[in-house]
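My notes follow in the order I ended up liking.

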Amino acid sequence: MYNPKYIINDQMWQYRSPKGPAIHTFFTADGTAIGMFQGSRGVRPDLDFKVKILLPNPESVPYLLPHDEWVVDLLIKAQHYKREIIDLLNFYLNFYENCHPFNSVEERSAYVPTTIRKIEKLYSNVKVDGTMSIGGIALILELFCLCEKQNPDAHQFCLTLLWTKECIEGTRDLKNLLNIVIRHREY
């Protein structure tokens with residue numbers, strides 16, 4: 001089902017620096033593999049991580065998930081489930097405010113997602129063909145919250161959460177949202 005080069009013994013692998021298995025590999029309800037790999041940025045490069053996605057297809061290769069993909073996914077879902085997606089974004093804005101960065105490599109290695117089961121239960125009805133599972137979105141948002149919290153001055157992801165919600169509510173222009181996720185500019 002997966003490209004055998006990139007899933008070995010239920011672990012996602014990468015072949016660029018650092019070569020090796022993911023710190024964690026998670027599998028979503030739709031079969032998508034989500035891997036946490038060692039990063040190298042920020043105030044604690046030893047605790048930084050990258051999030052890579054691998055689709056359940058023998059030809060797929062892992063790729064870094066850009067912010068515009070999860071934003072577009074939520075905008076599509078909001079066309080059918082507006083209230084649920086606004087509530088989901090409020091949940092992760094609250095999670096962002098209350099989560100703490102990893103304190104050690106050991107803590108990061110022992111990480112277990114805390115929000116996915118709750119989100120899957122609350123929003124099990126949110127299903128739109130061609131989009132990620134709600135559990136996949138939950139895991140990605142949780143990981144991105146934790147990753148950004150590693151850098152005290154970072155705020156782009158949190159703003160993207162907020163602006164996506166505001167765009168769905170109709171209080172923020174789509175151009176503002178696209179500028180932050182594509183061009184990394186705020187205004």
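**The β1–β2 loop**

I started with N9, which is exposed, with a relative accessible area of 73%. I placed N9 in the loop between β1 (7-8) and β2 (11-14). Most residues other than glycine have a negative phi. I then checked D10, which sits in the loop between β1 and β2. Phi of D10 is near 60 degrees, again a positive value in a non-glycine residue. D10 counts as exposed because its relative accessibility is 57%. I keep in mind that this is a predicted model.

**Overall layout**

I stepped back to the whole protein chain next. I find seven helices and seven strands in it. Along the sequence the pattern reads β-β-β-β-β-β-β-α-α-α-α-α-α-α. The C-alpha atoms fill a box of roughly 45 × 40 × 30 Å along the principal axes.

How does the radius of gyration sit with a compact globule? For 187 residues such a globule would have a value near 16 Å, and the protein chain has 16 Å, so the two agree. On burial, I noted that 49% of the 187 residues count as buried. I also looked at contacts between residues at least 6 apart in sequence: 59% of these join residues at least 24 apart.

**Helices α1 and α2**

I moved on to a helix pair. Helix α1 (residues 67-78) packs with helix α2 (residues 82-98) at an angle of about 145 degrees, and their axes are 7 Å apart. On the α1 side the contact is made by L74, K77 and A78, and on the α2 side by K82, I85, L88 and L89. Sorted by class, I get five nonpolar, no polar and two charged residues in the contact.

Is K77 buried or exposed? Its relative accessibility is 0%, so K77 counts as buried. I found a polar contact from the side chain of K77 to the side chain of T131, at 3.1 Å. Leaving out residues up to four places away in sequence, K77 touches I85, V126, V128, T131, M132, I134 and I137.

While in α2, I checked E84, which belongs to that helix. E84 comes out partly exposed, with a relative accessible area of 21%. Beyond four places in sequence, E84 touches Y123, N125 and V126. E84 and Y123 are 39 residues apart along the chain, yet their C-alpha atoms are separated by 6.9 Å.

**T28 in the β4–β5 loop**

Another loop went on the list. T28 lies between β4 (24-27) and β5 (33-38). T28 counts as buried because its relative accessibility is 9%. The side chain of T28 makes a polar contact with the side chain of D30, at 2.3 Å. With residues up to four places away set aside, the neighbours T28 touches are I34, S133 and G136.

**Helix α7**

Which residues of helix α7 (residues 174-183) are buried? I listed N176, L177, N179, I180 and V181. The buried residues of α7 pack against α1 and α6 (156-169). At the start of α7, I saw a side-chain oxygen of D173 reach to within 2.7 Å of the backbone nitrogen of K175.

**Cysteines**

I left the cysteines for the end. A disulfide is a covalent bond between the sulfur atoms of two cysteines. The cut-off I needed here is a sulfur pair within 2.5 Å. By this rule I count zero disulfides.

C167 is in no disulfide either, and its nearest cysteine sulfur, that of C158, is 16 Å away. I looked up burial for C145 and C167 as well. C145 counts as buried, at 0% relative accessibility. C167 counts as buried too, at 16% relative accessibility.

Definitions and conventions: Residues are numbered from 1 along each chain as its sequence is written. This is a predicted model: local features need pLDDT of at least 70, side-chain atom pairs count only at pLDDT 80 or more; totals for chains, interfaces and linings use all residues. Side-chain values use heavy atoms; hydrogens and water are left out. Buried means under 20% relative accessible area, exposed over 50%, partly exposed in between (1.4 Å probe, protein chains only). Axes are lines fitted to C-alpha atoms, for helices over the stretch in contact, and angles run from 0 to 180 degrees between N-to-C directions. Helices (H or I, at least four residues) and strands (E, at least two) are DSSP runs, numbered from the N terminus. Contact means heavy atoms within 4.5 Å. Ala, Val, Leu, Ile, Met, Phe, Trp, Tyr, Cys and Pro count as nonpolar, Asp, Glu, Lys and Arg as charged, and the others, Gly among them, as polar. A polar contact is a pair of N or O atoms within 3.5 Å; within protein, one must be able to donate a hydrogen and the other to accept it, and residues adjacent in sequence count only if both atoms are side-chain atoms. The radius of gyration is taken over C-alpha atoms; the globule rule is 2.2 Å times the number of residues to the power 0.38.
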